Amino acid sequence: MRLYVREFDGPADRTVLVVHGGPDWDHSYLVEPLKTLAGEHRLLFPDLRGCGRSPVADPLTPDAIVGDLVELIGASRVDVLGFSYGGLIAQRLAVQAPHLVRRLIIASSSVLPVPSDAFDGWEEYERRRAAHPSVWDTSPLEGAELTRAEALATAPLHVWRLKQVRFTGTYLRAWREGRCWKRRGTWRTSISRRPGWPRSRGSSPPPCDPAVSREDCRQDGHRARPSYAPLRP
């Protein structure tokens, strides 16, 4: 399928394919920290299938997403940077099409497979796992419904500060209503998003600056610096 791709020019033989996280996100939050590589590298920022400005198409599966990226890459080898969920997709791409991946970079993600003894002796993890068991092998559900049930059942195990998490819908709802999420739970009203706002009062709050959200993203601990892992021949 034809993905939406933002491209920065550079040498074709030094192409970096950037795979965003989510999977309900788009590429935009990764542009700011990586565009400084433009010129020295050709940068490709696709929106994955069903994300951002790329079309929604069935099936919405990791293998289908990998197939889209293989089609996008073509015949030349590229460096692949996968962030968060994109790191898992990038690893699948490297396994399924190793002839297309020159170097693999995994950032803020998991490098699979996770060793079976990785969490041995971690009492808090064991306590949470006992309190929030997996339903994958016990639920009568199937397909997307089973995946959703598993995610909800084990969320307190995998996301330890779950009540503090703000999901995509939180940001989008505020933006559409003319408000912008800001750190510490404060809000600002955007004049530009409310055409009927009387500007003559002199008491109107300042317009919402998208840079606020970008700065929050930049400071977020989840958006850590990538670690580089060249593929072995």
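A salt bridge is a side-chain nitrogen of Lys or Arg within 4 Å of a carboxyl oxygen of Asp or Glu. The exercises below use a predicted model.

**Exercise 1. Salt bridges at Asp79**

Task: Find which residues Salt bridges that share partners join into one network with Asp79.

Solution. 
Step 1. Take Arg103 and Asp79. Their closest N and O atoms are 2.9 Å apart. The cut-off is 4 Å, so the pair counts as a salt bridge.
Step 2. Take Arg102 and Asp79. Here the closest N and O atoms are 3.0 Å apart, and this pair is a salt bridge too. Arg102 is in strand 5 and Asp79 in strand 4, so parts 23 residues apart in sequence are tied together.
Step 3. Through shared partners, Asp79, Arg102 and Arg103 form one network.
Step 4. Check the accessibility of each member. Asp79 is buried, with a relative accessible area of 2%. Arg102 is partly exposed at 25%, and Arg103 is partly exposed at 40%.

In the structure as a whole, the count of salt bridges comes to nine.

**Exercise 2. A salt bridge between Glu32 and Lys35**

Task: Decide whether Glu32 and Lys35, which form a salt bridge, are buried, partly exposed or exposed.

Solution. 
Step 1. Read the distance. The closest N and O atoms of Glu32 and Lys35 are 3.6 Å apart.
Step 2. Recall the limits: buried is under 20% relative accessible area, exposed is over 50%, and partly exposed is in between.
Step 3. Apply them. Glu32 has 34% relative accessibility, so Glu32 is partly exposed. Lys35 has 37%, so Lys35 is partly exposed.

**Exercise 3. The nonpolar core and a surface patch**

Task: Identify the members of the largest nonpolar core that touch the most other members, and the residues that make a nonpolar surface patch.

Solution. 
Step 1. The largest nonpolar core has 21 residues; those touching the most other members are Leu17, Val19, Leu69, Val80, Leu93 and Leu104.
Step 2. Find the elements behind this core. At least two core residues come from each of strand 2 (15-19), helix 2 (62-73), strand 4 (78-83), helix 3 (85-96) and strand 5 (101-107).
Step 3. Note the other core. Apart from the largest one lies a core of 13 residues, including Val16, Phe45, Leu81 and Ile105.
Step 4. Leu88, Leu112, Val114, Phe119, Trp122 and Trp160 make a nonpolar patch of about 520 Å².
Step 5. Val114 is in the loop between strand 5 and helix 4 (123-131), and is partly exposed at 43% relative accessibility.

**Exercise 4. Backbone details in loops**

Task: Locate the cis peptide bond, and describe the phi angles of Ser84 and Ser108.

Solution. 
Step 1. The cis peptide bond joins Asp58 and Pro59, with omega about 0°. Pro59 sits in the loop between strand 3 (42-46) and helix 2.
Step 2. Ser84 is not a glycine, yet its phi is positive, near 55°. Ser84 is in the loop between strand 4 and helix 3 and is buried at 17% relative accessible area.
Step 3. Ser108, also not a glycine, has a positive phi of about 50°. Ser108 belongs to the loop between strand 5 and helix 4 and is partly exposed at 23%.

Technical notes
Residues are numbered from 1 along each chain as its sequence is written. This is a predicted model: local features need pLDDT of at least 70, side-chain atom pairs count only at pLDDT 80 or more; totals for chains, interfaces and linings use all residues. Side-chain values use heavy atoms; hydrogens and water are left out. A nonpolar core is a set of buried Ala, Val, Leu, Ile, Met, Phe, Trp, Tyr and Cys residues joined through side-chain atoms within 4.5 Å. Buried means under 20% relative accessible area, exposed over 50%, partly exposed in between (1.4 Å probe, protein chains only). Helices (H or I, at least four residues) and strands (E, at least two) are DSSP runs, numbered from the N terminus. Patches are made of residues with over 30% relative accessible area and no salt bridge: like charges are joined within 9 Å, nonpolar side chains (Val, Leu, Ile, Met, Phe, Trp, Tyr) within 5 Å. Accessible areas come from the Shrake-Rupley method with a 1.4 Å probe; for residues, only the protein chains shown count as cover.
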